[in-house]
Amino acid sequence: MPHHDVLVIGAGLAGQRAALSAAEQGANVGIISKVHPVRSHSNAAQGGINAALDPEDSWESHAFDTVKGSDYLGDQDAIEIMCREAPDELLELEHLGVTFHRDETGHLGKRAFGGASAARTYYVADITGQAILHVLYEQLMKHDVVHRYEEWFTTALVQDEEGKVSGAVTRNIRDGSMELFAAKSVILATGGNGQVFNPTTNALVCTGDAIAMAYRIGAPLMDMEMIQYHPTTLAGLGLLITEGARGEGAHLYNAGGERFMEKYAPNKMELASRDVVSRAEQTEINEGRGFPDGTVALDITVVPRKRIHEALREILNVGRDFAGVDITKEPIHIKPGNHYAMGGVKSDTDGLTSIPGLYAVGECACVSVHGGNRLGANSLLDTLIFGRRAGAHAGKRSKGSPMPQPSRASLDDEEARIRAIFDRERSGRRVSEIKAELGATMDEKCSVYRDEEGLREALEVVTRLREEAKVATVDDRGTIFNQDLLGALELQFMIDNAETILVSAIERKESRGAQYRTDFPDRNDDDWLKHITVQPNGDGEAPEIEYSEVTMTQWEPEERTY
Amino acid sequence: MAEAQDFTLKIRRFDPESGEQAHWQDFGVELDPDRSVLDGILQVKDREDASLAIRCSCRAAICGSCGVRINGKSALACNTRLSDAKQTAFNGAIAVEPMGNMPVIKDLIVDMDAVHWKKIQRVVPWLLPEGDPPEREYIVPAEAMIDVTQSMACIQCGVCVSACLSLEVDPEFIGPAALAKAYRFVGDPRDDHTEERLRDLAEDPHGIYDCTHCFACIEVCPKDVAPMSQIMRLRRRATADFGIKDSNNGYGHEKGFVDIIEKWGTLHEAQLLPRSFGDGSMIKGQTEPGAVKQLVESLPTAFRGLKSGKITPRKALLHPKLPDQKNVKHIYKEVHDRDKRIELNLYIVSENSVEEEGAQGEGSGEN
């Protein structure tokens, strides 16, 4: 049985950062990922990483922007930690080799980003996430102290009799073998759940695996209703156009040529926070001022061509390859699209969840630093800061404690579960059909504008899909690279995600951050300035809802305008 | 969006568990012609056969998972349009097969660890700065960071590895992706092992001088990394900046070549071999045992040339200068008189904007 002091599940930025940091503590670390680490979705973070590094800037300013961006739902103690530690983390990445953009004096250069009161976004062209991800992977290759399990799929977490997490059951995708891992600590870092929605900017791998696995063993999920719709995604495909484009000066226009952000955010205009810009666009589109394809226009031609080539190179490619548009010459049609899950497994500032031995970091976790709405360029920061903290905590904790001996029964259970999938009659719906209906339903009923009726309809659909997923047809019975089987397992993870999102969205009877309820259009601090947490009800019925307080340190809720 | 059209995908199938040989299988898909070959493959998986295996994730050419060969040409399936693929299709069927130069695991999935990642590991792919880091960031020129961003833009998809002709004949060749990765450190002013890295890559018989200049990697790279250009820059750094005289005669070959063109305007074949062995010097090369050995080995080729009339003793020994050789010399002088070597990095300056006069300076990004 493979065993590690610290077992990290997921190898994007949060996972790799956690693994490196645990290894620095001298822990024996394993990192498992269902894709090769450099394929992780952290790659897609284009715009940059926020840090108040400039002496003229301050972490307090960064923290306040984040608190305000979160619509006061973010926990201020966690936000303070993140913003205070940001400059050192950024410098450490620079020292490790990230090729951050420089200004003409050779110092780190920065760009403006949405919802921020100062330019504090550091970047590598528009491939910042990719650059950091690849540099961290260089470090994994360099030190070779972290055991890498690349292309292994985790199917379930394992607990001992006292409820403490003692390992995980996994499937080696390359040969189909099932393996039980023992670990003193397990750090979840599998990223978001964007695939629950269609379209989405998220990669096909973002199926909320860890959120569902943690939920299944009783870990509370928090802020699940807070799903960010990014203001600039390509219609249809859902591909992302970085906020960096607006940071570099691009404008938004409706079909009538009106720069409509003047009406919604006269001060920050296109650089208001994402929920605000997405709602503005959706209002324009809903009220008939969009283009016939349900979009508005992003005009990047105002950015000098040379600057586009050096700083928005990826967007140039995306425009050319996926929309047939030369962004240096003409506007590109965009719309709000599913992008990011602010919620996730409830965790503290060291990544610890409510289950002993279990940590969660990055997008699958909810610390909560993003609250109701995440600011652009704060997600990379979140993954790195809390990835590092959780890795260090778990690494230290492992010293002197004995290696657990998880029972083989959990492995037998998972093997039986998979055999049962292979034994299904081939009369059910296809996995792809169920997934398509799930994605379309969530995008229709649980996006920028929501109401109780629509959310309840969606929940009914999801409840039906849950039953259909249990008997969905699987074509492939093989062992090597059986992606069909993985798809069937992921589908069940996604349904857990969808259900908890909807239940939380129905529960929150107000509008805050990314949650805008047309039936409750105002923010209601008296009743709803609190987190909603959900956990499974023992009898398999609807999730149990609880509340937890928002931690306030120095910023009282104010009206939010940009 | 255009209307959906019918396409035929001819996909190379291989299931190691079936005991069957690899074979082609045709699938019909119905999609907007602007959608990608990957979308087509996903439709096959969704509607017809979910056992069809392909790595894919982002659908936007950033994760580097879906490298394949489409109608024989290496590419990412996600950023190849169906309409474009159809144009190069034989008999109308878009052929999709796994990448080359790497062993196939199942259907369109190849073993990248066995080839690609092993080669990446070979080039010491991490920054080796001198001593302890500074308190703040390293201060480095803005251009240097933009310059290495071109190789940083590599997504490790392996498409260039698949297309590399040198790798086909020498599987030990470090290859385009790994050498581009090497430039990312050689070009990085923070790295303190520039000369060691260059010496290592020049001395390795499968290193920078193993590239045959075929441009295949540049043509197929989905991210404009231009791996061959990075290899050529490694060579220029090794020769012009560090004067590394390698045992592969890369230095001599390059210097010999350049000197011959300066003198004659066209390649003087008879002189190239001894000059290559003599670090570029004809005199030194003539007495090199290696040169003599290779000269003897090349005699059959020379005889065939003589027989077919391609070579005449007169042409071979008394190589005529170009009539306007003065102009060639003029070009050399232009380049020699420059203060520093200009590397054209199309990642920074697009082809279209080369002639555009400095649209904007090296902006700080603040606005």
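## A short tour of strands and salt bridges

Start by selecting A:K329, which is exposed at 55% relative accessibility. Keep in mind that you are looking at a predicted model. A:D326 itself counts as partly exposed, at 26% relative accessibility.

Next, pick A:R388 and A:E85, whose side chains form a salt bridge of 2.9 Å, N to O. This pair links distant parts of the chain, 303 residues apart: A:R388 sits in helix 11 (residues 379-397) of chain A and A:E85 in helix 3 (residues 76-96) of chain A. A:R388 is partly exposed at 22%, and A:E85 is partly exposed at 22% too.

Hop over to chain B and select B:D188 with B:R184; the closest N and O atoms of this salt bridge are 3.1 Å apart. Are they buried or exposed? B:D188 is buried at 2% relative accessible area, and B:R184 is buried at 1%.

Over all chains, the structure holds 83 salt bridges.

Finish with strand 8 (residues 165-172) of chain A, where eight of eight residues are buried. On one pairing, seven bridges join strand 8 to the antiparallel strand 7 (residues 152-159) of chain A, with A:T154 opposite A:T170. Strand 8 also pairs antiparallel with strand 9 (residues 178-188) of chain A over five bridges, and here A:A168 stands opposite A:F181. In the turn between strands 8 and 9 of chain A, look for A:G176, with a positive phi of about 75 degrees.

Methods. Residues numbered from 1 in each chain as written. Chains lettered and ligands numbered in written order. Predicted model: local features only at pLDDT ≥ 70, side-chain atom pairs only at ≥ 80, totals over all residues. Heavy atoms only, no water. Buried < 20%, exposed > 50% of the residue type's maximum accessible area, 1.4 Å probe, protein only. Helix = DSSP H or I, 4+ residues; strand = E, 2+ residues; numbered from the N terminus. Pairing = 2+ DSSP bridges. Salt bridge = Lys/Arg side-chain N within 4 Å of Asp/Glu carboxyl O.
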